[in-house]
Amino acid sequence: RIRARASRRLGRSRSRRAAMLSASKKTSAGARQFKAGEPMDERDSNRTWECLRNAIHQIHQHNASSLSFEELYRNAYNLVLHKYGELLYNGVQGVVQDHLKEVAQSCIDCPDDRLLEELKRQWDDHKTTMVMIRDILMYMDRNFVSQYKKV
C-alpha cells in the first residue's frame, strides 16, 4: 500500500517535471534555451539579441526589477559561444550610443542653473546602468572582447 502511494506520487512528480521542462524550452523573455552542442542559427541569434536589446532598454528605463539577470547572462553567453559575439558587441555598442545621445540631449535642454545637478544625476544613472549591463555581458567581455581586441 505504501509502495503504491509512493509509486503514484513519483509518477505524478515525473509527469509534472516533464511538463515543466517541455514548457521551459523558451525562456520568459522569449529567447530559446540551448543545450550543450546544439547549434544556434541566425534566426535564433537575432531573437536572442532582441531579448537582450529589450532588457538593456528596460535597464535604461529603470525597470530592471522584473528581469532575470541569470537568463540574460545565459543569452549573452550563448551568443558568444555560438560565434555571434560580433552581433552582440555591435548591438550593445549601438544601443548604448543611442541612449547616450538621448542623455546628451537632455543635458543640452537643461536650464543653465540646473546643469550641474543634471550632469551629476545622469552620470550616477549611467554608472548604475553600466554595472548592470556589464554583469550581463561578463562572458563577452572576458572572451570575445579580449580575443578580438575590441576595446
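**Exercise 1. Find the packing partners of the buried residues of helix H4 in this predicted model.**

Solution. Step 1: helix H4 covers residues 85-109, which is 25 residues. From the first C-alpha to the last, H4 reaches 36 Å, close to the 36 Å expected at 1.5 Å a residue.

Step 1: list the buried residues, using the cut-off of under 20% relative accessible area. In H4 these are Gly85, Leu88, Tyr89, Gly91, Val92, Val95, Val96, His99, Val103 and Cys107.

Step 2: recall the helix repeat. An α-helix has 3.6 residues a turn, so residues three or four places apart point the same way.

Step 3: name the partners. The buried residues of H4 pack against H2, helix H3 (69-81), H5 and helix H6 (138-148).

**Exercise 2. Classify the relative orientation of helices H2 and H5, and describe their contact.**

Solution. Step 1: two packed helices are described by the angle between their axes and the distance between the axes. For H2 (residues 42-60) and H5 (residues 115-136), the axes come within 9 Å and cross at roughly 155°.

Step 1: angles over 145 degrees count as roughly antiparallel. H2 and H5 are therefore roughly antiparallel to each other. Their crossing is right-handed.

Step 2: identify the residues that meet. H2 supplies Leu52, Ile56, Ile59 and His60, while H5 supplies Thr129, Met132, Ile133 and Ile136. Sorted by class, the residues of this contact of H2 with H5 are six nonpolar, two polar and no charged.

**Exercise 3. Determine whether His60 is buried or exposed, and list its contacts beyond four places in sequence.**

Solution. Step 1: locate His60, which lies in helix H2.

Step 1: the relative accessible area of His60 is 6%. Because buried means under 20%, His60 is buried.

Step 2: set aside the neighbours within four places in sequence; His60 is then in contact with Val95, His99, Thr129 and Ile133.

Step 3: take one of these, Thr129, and compare the separations. His60 and Thr129 are 69 residues apart in sequence, and their C-alpha atoms are 6.3 Å apart in space.

How values were computed:
Residues are numbered from 1 along each chain as its sequence is written. This is a predicted model: local features need pLDDT of at least 70, side-chain atom pairs count only at pLDDT 80 or more; totals for chains, interfaces and linings use all residues. Side-chain values use heavy atoms; hydrogens and water are left out. Axes are lines fitted to C-alpha atoms, for helices over the stretch in contact, and angles run from 0 to 180 degrees between N-to-C directions. Helices (H or I, at least four residues) and strands (E, at least two) are DSSP runs, numbered from the N terminus. Angles under 35 degrees count as roughly parallel, over 145 as roughly antiparallel, 65 to 115 as roughly perpendicular and the rest as oblique. A crossing is left-handed if the near helix is turned anticlockwise from the far one by less than a right angle, and right-handed if clockwise. Contact means heavy atoms within 4.5 Å. Ala, Val, Leu, Ile, Met, Phe, Trp, Tyr, Cys and Pro count as nonpolar, Asp, Glu, Lys and Arg as charged, and the others, Gly among them, as polar. Buried means under 20% relative accessible area, exposed over 50%, partly exposed in between (1.4 Å probe, protein chains only). The expected span of a helix is 1.5 Å times one less than its number of residues.
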